[in-house]
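Here are a few notes to read alongside the model. Please keep the structure open while you work through the points below.

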Amino acid sequence: MRCVGLEFEEQINRLLAGMTRRQKVGQLVQYGSFREYERSLVDKGEIGSLLNFCGSTLVSDIQKAIMHSPNPIPLLIGDDVIHGYATGFPIPLAESCSFDLPLIEETAAIAAREASADGVNMIFAPMVDIARDPRWGRVAEGAGEDPYYGSLVAAARVRGLQRNDWDDRPHVTACPKHYIGYSAAEGGRDYDYTEISEQTLREVYLPPFEAAIQAGAGTVMSSFNDVSGHPASLSHHLLEDVLRKELGFEGPVVTDWESVQQGVAHGVAADDKDAVRIGINSGAEIDMNSGIYDLYAEQLVQEGAISEERLDEAVRRILRVKFALGLFEQNQTTPEKAAAIHRCPSHVETARQMARESIVLLKNDGAMLPLDKKAGRLAVIGFLADSQGDALGCWQCKTKKENVVTPLAGIRSRVSPDTQVEYYIGSGILDGSEEEAEKAVEGAARADTVVMVLGEACWMSGENNSRAHLGIPPAQQRLLRRVCAVNPRVVLVLMNGRPLTLTWEQEHVPAILESWQLGDTCGDALADVLFGDYNPSGRLTITFPRCEGQIPLYYNRRTSGRPELIRYLDEETAPLYPFGYGLSYSRFVYGPVSADADRLAAEGAVQVSVTVTNDSAVAGEETVQLYIRDETASITRPARELKGFQKLLLQPHESRRAVFTVTPAMLAFVRADGRLAAEPGYFRVYAGSDSTCEDGVRLLLTEPVQLKPPAAGKDANA
């Protein structure tokens, strides 16, 4: 985004001076439809933004019309561009498993480039919620469970969305969401209550928002949820004290869909008018779709319940974004620009690379994979194997299922002419006929190898799609068991938007690939991995539980006074697949972890390193992960925390050393007094292939290090 300099501030002052109160209120109004009433607001210059409205010609026409209105201030045009616009990329959770931050940034940049060609200038992304409960369907939209890695991904996606590498049309602003704690909904039930301690809020849920703001995010979206008794979109403490004063955010806050109005249902506002009073005074500048700002804000200012100064401040923040995006330059997009940009070859090729890197190999007994392209007879089974729409996942935006290469199509394009590929639906997503199942079982019995593509339909994850049972749906699971009974050579390919419980599958299926929902190039990327043209390198960014009773289950849990007694009577406590886990067609061997010193001073640094060897004949990438544990602190600390990672490409039998620089800042945490500080004492530093690694070194931090003063409302002397 362009910098808003002094000349823009002068223009903003002139605009404010010439606006009526009604026109000022209009800048705070955002509608999600464009019918006769919204058109009348455009004609009068009494609306500031729209969403669910795009198209190069439509947007250009409406922007030109508003520039001839009594209040010629162009519109913000918003859209939920979650994982691609015209080009369909993997769902964000899948992308995060690549551990490839430059590529994650690039897919975001492409999505913004394509959206801007259709007139979109405000993208309601990235979703930076830290998700610890896979029952919550919106885990698909984020980067998993870790606040350190989630912060890196948040910054990368904001940089990509706001790269704005064009000058022939308005720029784009990111809108990280959902501020804050939305992903902590009790029971994984979307929109439900969240109980979050101040410590957890600051250590887990705030860091990705801080990273997004530091990366330059122009807007932020407030969330639906009630945070420990304070609905986020109506909380002065969360919006003003924390978001603005602590994190330094200066742009406008956009509420999630009608979330200010929902203050009435939450029981903190008496009626819609009261909700408007609380919302605007708390710092929620743009009301998404409810229309209650449109109805009551002007009256509340007249009555003195909202000050003129507060209204002007809100409008000023919105105008700054509009100037920064170049909206006043009236340089609009055209259908020709959109046609040249949407799904151009380089965008599709990037989607394929991202899809390949997103796939996680969970199991590969007996080196079942990669498959031989001369497989003889190959049975492909499962409704999802040939479903174009389901490969796109949730939030499909302007993608078209006709552009999707399905797993079946990808497999057929890759095998040799002598390989016979037979396809059987077997069952639907949730049910199926006995006749189809019998055909699939008979075909599996005849096949040399079976590839089963099972999991979730696109509608089973995403917003308001919570699940209490996380297994492969029963009809598909029954089919899998029948196929495994007649043919031991089964490869299970999972297509899903969240972690699944796979205890039976892990025990009985020799090879399992987590492919997620990969977008347009799903089949090509999957075939690349299945047949060895690409060595899988994805690593899980969210824990896979053994069963739902273990949830919430995440790697960076706090230590317990009785760790040896934490157990279930009827299940293991360990996850099925831990955070950071993923296999390869290569075999990587780790040497001992070492450090160049055992003491760390306040201004110092220690080099921690480990040698990794590719002890195989296949080149591959290994993601070396660095974890740290604070042995003794003033409050309990997580058993370990991710603090770094490196992706090493190793040729056959090659050895390379991964070197990490450990600094006092990496040892810091938010203390009970609200200070971000590192306390002196001993720390364990681990390096390995996932969050269960045990080899490490012990470091002594010799003196305290303070990085930030107390948080808002905290007593420095506490």
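1. How close do the axes of helix 6 and helix 7 come, and at what angle do they cross? In this predicted model, the axes of helix 6 (residues 101–116) and helix 7 (residues 147–161) come within 7 Å, and the crossing angle is roughly 35 degrees. The crossing of helix 6 with helix 7 is right-handed. Two packed helices are described in general by these two quantities, the angle between the axes and the distance between them.

2. On the side of helix 6, the residues that meet helix 7 are L101, I104, E105, A108, A109 and A112, while helix 7 contributes Y149, L152, V153, A156, R157, R159, G160 and L161. Sorted by class, the residues of this contact between helix 6 and helix 7 comprise 10 nonpolar, 1 polar and 3 charged.

3. Helix 6 also passes helix 15 (residues 345–358), with axes that come within 10 Å and cross at roughly 145 degrees, and here the crossing is left-handed. From helix 6 the contact uses L103, I104, E106, T107, I110, R113 and E114, and from helix 15 it uses H347, T350, Q353, M354 and E357. By class, this contact of helix 6 with helix 15 holds 4 nonpolar, 4 polar and 4 charged residues.

4. Which residues of helix 3 (residues 36–44) are buried? They are E38, L41 and V42, and because they cover an arc of only 100 degrees around the axis, they lie on the same side of helix 3. As a general rule, an α-helix has 3.6 residues a turn, so residues three or four places apart point the same way. The elements that cover the buried residues of helix 3 include helix 2 (21–27), strand 1 (29–31), helix 4 (56–66) and helix 12 (292–303). Just after helix 3 comes G45, which has a positive phi of about 70 degrees.

5. When neighbours within four places in sequence are left aside, the residues in contact with N614 are S586, R587, F588, A619, G620, L650, Q651, P652, H653 and E654.

Methods
Residues numbered from 1 in each chain as written. Predicted model: local features only at pLDDT ≥ 70, side-chain atom pairs only at ≥ 80, totals over all residues. Heavy atoms only, no water. Axes fitted to C-alpha atoms, helices over the stretch in contact; angles between N-to-C directions. Helix = DSSP H or I, 4+ residues; strand = E, 2+ residues; numbered from the N terminus. Left-handed = near helix turned anticlockwise from the far one by under 90°. Contact = heavy atoms within 4.5 Å. Nonpolar A, V, L, I, M, F, W, Y, C, P; charged D, E, K, R; others polar. Buried < 20%, exposed > 50% of the residue type's maximum accessible area, 1.4 Å probe, protein only. Arc of directions from axis to C-beta.
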